[in-house]
Amino acid sequence: MRKLRVVIAKPGLDGHDRGAKVIARALRDAGMEVIYTGLRQTPEMIAGAALQEDADVVGLSILSGAHNHIAPRLMELLHAKGLDDVLVVIGGIIPDVDIPKLKEIGVKGIFLPGTPMQDIVDFINTHARARV
Amino acid sequence: MKTVAETDREPTSRFTTISGRPIERLYTAADVADIQYARDVNDPGVFPYTRGIHATGYRGKLWTMRQFAGFGTPEDTNQRYKTLLRAGGTGLSVAFDLPTLMGRDPDHELSLGEVGKCGVNVTSLADMETLFDGIHLGDITTSMTINSPAAMIFAMYLVVAEKQGADWKKISGTIQNDILKEFIAQKEYIFPPRPSMRIITDIFGFCAREAPKWNTISVSGYHIREAGATALQELAFTLRDGVEYVQWGVDAGLDVDIFVPQMSFFFNAHSDFFEEIAKYRAARAIWARTMRDRFGAKNERAWKLRFHSQTAGVSLTAQQPYNNVVRTALQALSAVLGGTNSLHTNSLDEALALPTAEAATLALRTQQVIAHESGVANVVDPLGGSYFVERLTKDLESGALDYFAQIDRMGGMVEAIERGFPQQEIAESAYRFQQAVERREKVIVGVNDFVQTDEPPIEILYIDDSASDTQLEKLAKLKRSRDNDSVKRSLDSLRAAARTTENLMPRILEAVRAYATVGEMCDALRDVWGEYEEVPRI
């Protein structure tokens, strides 16, 4: 089986990339192929990267409060590209009240501040399926 | 049988600062034998100001209690400012939202979902007038955390002051205006480094003539530290950024004795108590020596490093949020013992959301308790002479100078940034710290130890999209009501000036007066300079 391919993306205008970079390294050290898109990615750019990179997982780092706009748009675009089987996870500051809505649209994992990196690695290993 | 020395042996790896610096069990006179008091430390108010820039410490004047705040519309934030001023806050500090920080109007596609979320949205002069409605800019000092569009936002503030009848020569406050740390850490840049530096030297030159009491820059270690830097890296990169600005100012023909006294600094107040105190002490000494010896400054005000500090947002935990009150109090105490000139204390709920009014008030109260009840403000630099603190101060100083030498060899900070040097150093430290937390070599109470699973949720400030709707409506109305010909003329002249070397501030003031938006003014400059894009590295 090939390694899991993970796109780590930082959508929106926010530039605080500490979390995105730390988790990207942790996933890489855990044996995954990690593609970090860099900053200020639109949902279109992220869906495009997922397709082009043949991603099994898309991880979004969002701290700014824009998740309610970005996540639904990304899910639509992934669906339109036939990428429904890509595991989408979000890390960042997400108010509790928003979590059910995000889960409903298909975001599988939501990781709040203080989550150990190992928990995220385990979650991805359990829920992602490497494409063949 | 074990000897006393053996039973006394400690696992040394555990005894490090939060930055990973090894700490001895005991410090004695032998550890400070190389330190000469008059040369290296000296009394408060005397070169190199290790013990403080004022001989009287906080007896003459307490630090400014300046609480950073902003959210939603200018109307929302204006109300919060009035609450903070009524509660005894002594200065204002504006948090702008991401569209404003990135020079995008609310109707730009990248502003989707971001308007008013992380701070207040200010699109044009009209918003600035609302933000300070009923607040006299001649009577208070205001700090504005704005970087790439600093010149535009500052120009708006100046025009509001003028309309209120306040004298530019007398008003005081600070614009952050520190683009280097944006490239290094916070990443809210717009233009490439070199034209960005030119705007900053234009502001230095303009303020030297027109707004002599204004702090033209707040050279910031805060964000560098939040991004994962160690205390030493924060100290070294921040001060080396300061050196870079001074060098660019000198190269632009400005006089160090005039523009350097208008520069200020901004440090993080992190959790390792003594290391932080040593960091502030070291910062003052390095700056004083560098300004005198490297730049030949003769004005003592150019030697004196003045700084704001803010407790460490990154240390706050979403778990057991009330613990954050204690963390913040300890961090604030270290800033005070280190001689901070102004201070922001974070609110307990900031790992979850922007603070509620109650949480923000409690954060301010924390400072008031330190100032008025603890007694620490009675004496200047109470830790001066401590074997431990003096050793740590000296070590941080020499460590920072080593970084200076390394960056000088690269050709300066702009070149170091272009190579990704400080960025990589910080990313490395951030990852190492996270690994130490995962291995529980560093304990975070409530997160990787003393965990509680049955926590009730706390009430948080939830910012919905109504601010975005309001700002979009106001913008559409503005575009219909203003004189769009004069907007266009002023933007054309700004664009033309960007191609020359003339000072941009008068052109920006003209555009602001015509009610050009932040996005329009930044676009005019984007047309000439383009946008900076970082190569993503992990």
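Let's start with how chain B of this predicted model is held together: residues 24 or more positions apart account for 77% of its contacts with a separation of 6 or more. Buried residues make up 53% of the 538 residues in the chain.

The overall dimensions come next. A compact globule of 538 residues would have a radius of gyration near 24 Å, and chain B agrees with that because its own value is 23 Å. Along its principal axes, the C-alpha trace of chain B spans about 90 × 60 × 45 Å. Its secondary structure comprises 22 helices and eight strands.

Now let's look at one pair of those helices. In chain B, H10 (residues 231–251) and H16 (residues 387–410) have axes that come within 9 Å and cross at roughly 50°. With that crossing angle, H10(B) and H16(B) are therefore oblique to each other, and H10(B) passes H16(B) in a right-handed crossing. On the H10(B) side, the residues that meet H16(B) include B:Leu232, B:Leu235 and B:Leu239; among their partners in H16(B) are B:Leu396, B:Tyr403, B:Phe404 and B:Ile407. By class, this contact has 10 nonpolar, one polar and one charged residues.

Finally, turn to where the two chains meet. Here 33 residues of chain B are in contact with 33 residues of chain A. Helix H4 (98–101) and helix H18 (421–438) of chain B each supply at least two residues of the side that touches chain A, and H18(B) gives the most, with five residues. By class, that side of chain B has 21 nonpolar, six polar and six charged residues.

Definitions and conventions:
Residues numbered from 1 in each chain as written. Chains lettered and ligands numbered in written order. Predicted model: local features only at pLDDT ≥ 70, side-chain atom pairs only at ≥ 80, totals over all residues. Axes fitted to C-alpha atoms, helices over the stretch in contact; angles between N-to-C directions. Helix = DSSP H or I, 4+ residues; strand = E, 2+ residues; numbered from the N terminus. Parallel < 35°, antiparallel > 145°, perpendicular 65-115°, else oblique. Left-handed = near helix turned anticlockwise from the far one by under 90°. Contact = placed C-beta atoms within 7 Å. Nonpolar A, V, L, I, M, F, W, Y, C, P; charged D, E, K, R; others polar. Rg over C-alpha atoms; globule rule 2.2 N^0.38 Å. Buried ≥ 20, exposed ≤ 12 C-beta atoms within 10 Å, placed from the backbone.
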